[in-house]
Amino acid sequence: QGPAVQYPRPFPNKGKGLASRELVQTVDQNAKTVDPFYGGKTVGFRPRSGGKDLGVTITVTATSREQLDNLYLALTGHPSVKVVL
């Protein structure tokens, strides 16, 4: 078994969803909920599937595994989000 993860640390999350303002707002709001230091500068969007979808990469300051699990659940539970890795 490898070494334990050290917190706090930057943690990237990747996903894909429907290209919409709603997706951008959802990612932004959920990141602010779990990371009080999030300022929107660590998120990137790129068109996918001919512009129908957006690929998303967001980096939050992770403080615990529970925090990361909560972000994952919030994002995967949203109808605009198709995949979160």
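Predicted model: local features only at pLDDT ≥ 70, side-chain atom pairs only at ≥ 80, totals over all residues.

Reader: In what order do the four strands form the open sheet?

Author: Strands of a sheet pair through backbone hydrogen bonds, either parallel or antiparallel. Strands (E, at least two residues) and helices (H or I, at least four) are DSSP runs, numbered from the N terminus, and two strands pair if DSSP finds at least two bridges between them. Here the order is β2-β3-β1-β4, with antiparallel pairing. Because β2 (43–48) and β4 stand at the edges with a single partner strand each, one side of each has no neighbour in the sheet. On average, neighbouring strands of this sheet are turned by 25° against each other, direction ignored; axes are lines fitted to C-alpha atoms, for helices over the stretch in contact, and angles run from 0 to 180 degrees between N-to-C directions.

Reader: How many bridges join β2 to β3, and over how many does β1 pair with β3?

Author: β2 and β3 are joined by six bridges; among the facing residues, R46 stands opposite G55 and V43 has I58 as its bridge partner. Strand β1 (residues 9–18) pairs with β3 (residues 53–62) over 10 bridges, and K14 has T57 as its partner there. G15 faces V56 in β3 and also V84 in β4. The pairing of β1 with β4 (residues 81–84) extends over three bridges.

Reader: Is β3 largely enclosed or left open by the rest of the structure?

Author: Buried means under 20% relative accessible area, exposed over 50%, and partly exposed in between (1.4 Å probe, protein chains only). Eight of the 10 residues of β3 are buried, so this strand is largely enclosed by the rest of the structure. Contact means heavy atoms within 4.5 Å. Helix α1 lies across β1, β2, β3 and β4, at about 10° to β3, and α2 lies across β1, β3 and β4, at about 160° to β3.

Reader: At what angle do α1 and α2 pack?

Author: Two packed helices are described by the angle between their axes and the distance between the axes. For α1 (residues 21–34) and α2 (residues 65–76), the angle is about 160° and the axes are 10 Å apart. The two helices are therefore roughly antiparallel (over 145 degrees; under 35 is roughly parallel, 65 to 115 roughly perpendicular and the rest oblique). T26, V27, N30, A31 and V34 in α1 meet Q67, L71, A74 and L75 in α2.

Reader: Where is A74 placed, and is S80 buried or exposed?

Author: A74 belongs to helix α2 and is partly exposed, at 30% relative accessibility. The C-alpha atoms of A74 and N30 are separated by 7.0 Å, although the two residues are 44 apart along the chain. S80 sits in the loop between α2 and β4 and is buried, with a relative accessible area of 4%. Neighbours within four places in sequence aside, S80 is in contact with G17, L18, S20, E22 and L23.

Terms used:
Residues numbered from 1 in each chain as written. Heavy atoms only, no water.
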